[in-house]
Amino acid sequence: MRRPIELRNRFRPLLVAFTTVVVLLLAPSCARAADADFESWLQVIGTGPVVSDSLRLFLEVQPRFGADSSKFDRLVTRAALGTPIGRGFTVFAGGGYFPVYQTNDFHYNEKIEWRVYEELRGDHTLPNGWGFLNRTRFEQRFIDGIKGEPALRLRHLVRTTVPLD
């Protein structure tokens, strides 16, 4: 019975050496990928009831700056309609328009992306004002100039908001 334990102890230094070599080999590639570009995103979101509480509107505008935050790169715009399905949960269906710009003077690149999406969103606020969002979104992406089936994406987001007062 002691034989398997002895083998594990015998190969432990080899395992540690192998893990160290793998980490050291991967570290430079991670560093190169991290310093490729720095982006800044500003997100403005509006949500609220439409006509009654059983129909909700979601609007989003998100300018994005690339090239180390020096150039206006893309504008994300989304709109969706949703209906509450339970305590704090809402189902939304909507779409988005994503033009890509080549320069700061708002000239379009030839590729414009359209997205259709469905999402389940859970919004909860604690008595102290802290908010929690848990969202799962399924997107179908259509990009001008690319033929064939749309690209499919399943995305998940968890967000916490903290009051500043």
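Modeller: In S3, serine 40 has phenylalanine 65 as its bridge partner. This is a predicted model, in which local features need pLDDT of at least 70 and side-chain atom pairs count only at pLDDT 80 or more, while totals for chains, interfaces and linings use all residues. Residues are numbered from 1 along each chain as its sequence is written, and side-chain values use heavy atoms, with hydrogens and water left out.

Strands here are DSSP runs of E with at least two residues, numbered from the N terminus, and two of them pair if DSSP finds at least two bridges between them. Strand S1 (residues 40-41) pairs with S3 in the antiparallel sense over 2 bridges. Strand S2 (residues 44-50) is also antiparallel to S3, with 7 bridges joining the two; here glycine 46 has leucine 59 as its bridge partner in S3. The hairpin of S2 and S3 has 1 residue between the strands, and valine 51 takes a positive phi near 65° there.

On to the next pairing: strand S3 (residues 52-66) and strand S4 (residues 71-86) run antiparallel and are joined by 11 bridges. Arginine 56 stands opposite glycine 82 in S4, and glycine 66 has lysine 71 in S4 as its bridge partner. S3 and S4 form a hairpin with 4 residues between them, and in its turn alanine 67 has a positive phi of about 55°. S4 is joined in turn to strand S5 (residues 89-101) by 10 bridges, again in an antiparallel arrangement. In this pairing alanine 79 faces glycine 95 in S5. The hairpin of S4 and S5 has 2 residues between the strands, and glycine 88 in the turn has a positive phi of about 85°.

Strand S6 (residues 108-125) contains glycine 122. With a relative accessible area of 1%, glycine 122 is buried; buried means under 20% relative accessible area, exposed over 50% and partly exposed in between, for a 1.4 Å probe and protein chains only. Glycine 122 lies 36 residues from glycine 86 in sequence, and their C-alpha atoms are 9.3 Å apart in space. Leaving aside neighbours within four places in sequence, glycine 122 is in contact (heavy atoms within 4.5 Å) with Gly88, Phe89, Phe132, Leu133 and Asn134.

The charged side chains come next. A salt bridge is a side-chain nitrogen of Lys or Arg within 4 Å of a carboxyl oxygen of Asp or Glu, and by this rule the count comes to 11. In one of them, glutamate 60 meets arginine 78, the closest N and O atoms being 2.9 Å apart. This pair links distant parts of the chain, with glutamate 60 in strand S3 and arginine 78 in strand S4, 18 residues apart. Glutamate 60 counts as buried at 3% relative accessibility, and arginine 78 counts as buried at 7%.

Glutamate 113 forms a salt bridge with arginine 115 (2.6 Å, N to O), and both of these residues are buried; for glutamate 113 the relative accessibility is 5%. Arginine 141 also forms a salt bridge with glutamate 113, the closest N and O atoms being 2.6 Å apart. Arginine 141 lies in strand S7 (residues 131-143) and glutamate 113 in strand S6, so this pair ties together parts that are 28 residues apart in sequence. Salt bridges that share partners join residues into one network, whose members include Glu60, Arg78, Glu113, Arg115 and Arg141.
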